[in-house]
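Dear colleague,

Please find below the structure that I am handing over to you, together with its sequence. My notes on what was found in it come after.

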Amino acid sequence: MSKYFKNSVLLIYLILTACTDVVDVEVPVAPERLVIEASLAWELGTLGNVQTIKLSTSTPYFESDKEKMVTGAFVQVTNNATGNVFVFDDQNNGDYKTSNFVPVINQSFTLEVMYNNEIYSAIETLMPVVPIDEVNQSKDQGFDKEALEVNVLFTDPAGIENYYLLKFKQQGDFLPDLFDFSDEFTDGNQIAIFHENEDFEVGDTVAIELYGVSKQYYNYIRLLIEQSSEGGPFATIPAQLKGNCINITNPDNVAFGYFRLTQVSKESYIFE
């Protein structure tokens, strides 16, 4: 065996068996925050009386535990015009429910949450939505001419500023695909939205939900969707988004989440 070969083997051995220093990186942990999931949706064709608000607390990014559900809070929603108060009963699992909510289109409501001796409040207006006119499928509108697409058509009311959120959820998927848009350039016209997914196959079922939302919620969800879809080395660093739930007892202890009131039109489509 040559001296050169012996030295090469020794060098490789030293590299593979060299000690590696373990570097402990101290990751800062943000303070725990209340998370308010208060999306009250009135489905077309229903009374809209059964509603649920979910409360939890934030967890560190590297925490392996599941959500920390909040119990023992007091939750109510008030119709600001009539003064009617709807109390949401604690289900002892993070859910707070009512079966007597009375939704009123274009009416302002106030959410109040009392938790850990602090009061959180938010004001929102219940926005209307139009029915979905038609749902069909195609293959010729997206980038992949072989991928199935689902198309949703609805007619926007003329002369009214409208904002929408469209949700597509394939059966079996954990998270839906979200699309936000306004009628700034389509006022009074029939709007057609297509959603392409290379995973769509014949026989798959897609649940479709069209929401009418307020302008302030539209601005909020638009930023949230942009942050969740960005990636790569040159992407914008996500910033903490503040919803409309204000801590009036301790303004520095902000809550995550949003109080949203909407009408929703639902359809289901099976690919042929």
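The notes below begin with the conventions and the chain as a whole, and then turn to cores, strands and single residues.

The model is predicted, and for that reason local features need pLDDT of at least 70 and side-chain atom pairs count only at pLDDT 80 or more, while totals for chains, interfaces and linings use all residues. Residues are numbered from 1 along each chain as its sequence is written, and side-chain values use heavy atoms, with hydrogens and water left out.

**The chain as a whole**

The chain contains 2 helices and 16 strands; these are DSSP runs numbered from the N terminus, with helices being H or I of at least four residues and strands E of at least two. Of its 272 residues, 39% count as buried, where buried means under 20% relative accessible area, exposed over 50%, and partly exposed in between (1.4 Å probe, protein chains only). The chain exposes about 16,600 Å², of which carbon and sulfur atoms supply 54%; accessible areas come from the Shrake-Rupley method with a 1.4 Å probe, and for residues only the protein chains shown count as cover. Contact means heavy atoms within 4.5 Å. Among contacts between residues at least 6 apart in sequence, 65% join residues at least 24 apart.

**Nonpolar cores**

A nonpolar core is here a set of buried Ala, Val, Leu, Ile, Met, Phe, Trp, Tyr and Cys residues joined through side-chain atoms within 4.5 Å. The largest such core has 26 residues, and Ile36, Leu55, Leu111 and Phe259 touch the most other members. Two or more residues come from each of β1 (34-43), β2 (51-57), β4 (74-79), β5 (85-90), β7 (108-115), β8 (118-125) and β16 (256-270). The largest share, 5 residues, is given by β1. A second, separate core of 20 residues includes Leu148, Leu166, Ile208 and Phe271.

**Strand β11 and its partners**

Strand β11 (residues 163-170) is largely enclosed by the rest of the structure, because 6 of its 8 residues are buried. It runs antiparallel to β12 (residues 177-182), to which 6 bridges join it; two strands pair if DSSP finds at least two bridges between them. Leucine 166 has phenylalanine 179 as its bridge partner in β12. The hairpin of β11 and β12 has 6 residues between the strands, and there glycine 172 takes a positive phi near 100°. β11 is also joined to β14, again antiparallel, by 8 bridges. Across that pairing, lysine 169 stands opposite alanine 207.

**Two glutamates**

Glutamate 209 lies in strand β14 (residues 205-213). Is this residue buried or exposed? Its relative accessibility is 17%, so glutamate 209 counts as buried. Its side chain is joined to that of tyrosine 211 by a polar contact of 2.3 Å. Such a contact is a pair of N or O atoms within 3.5 Å; within protein, one must be able to donate a hydrogen and the other to accept it, and residues adjacent in sequence count only if both atoms are side-chain atoms. Not counting residues up to four places away in sequence, glutamate 209 touches Leu165, Leu166, Lys167, Val264, Ser265 and Lys266.

Glutamate 43, in strand β1, counts as partly exposed, with a relative accessibility of 29%. With the same exclusion of residues up to four places away, glutamate 43 touches Val264 and Lys266. The C-alpha atoms of glutamate 43 and leucine 210 are separated by 9.8 Å, although the two residues are 167 apart along the chain.

**A sheet of 3 strands**

An open sheet has the strand order β9-β10-β13 with antiparallel pairing. β9 (132-138) and β13 (190-196) stand at its edges with a single partner strand each, so one side of each is left without a neighbour in the sheet. β9 and β10 (residues 149-155) pair over 6 bridges, and glutamine 137 stands opposite valine 150 in β10.

**Two asparagines with positive phi**

Most residues other than glycine have a negative phi. Asparagine 106 has a positive phi of about 65°; its place is in the loop between β6 (95-98) and β7, and it is exposed, with a relative accessible area of 54%. Asparagine 117 also has a positive phi of about 65°. This residue lies in the loop between β7 and β8 and is exposed, at 78% relative accessible area.

With kind regards
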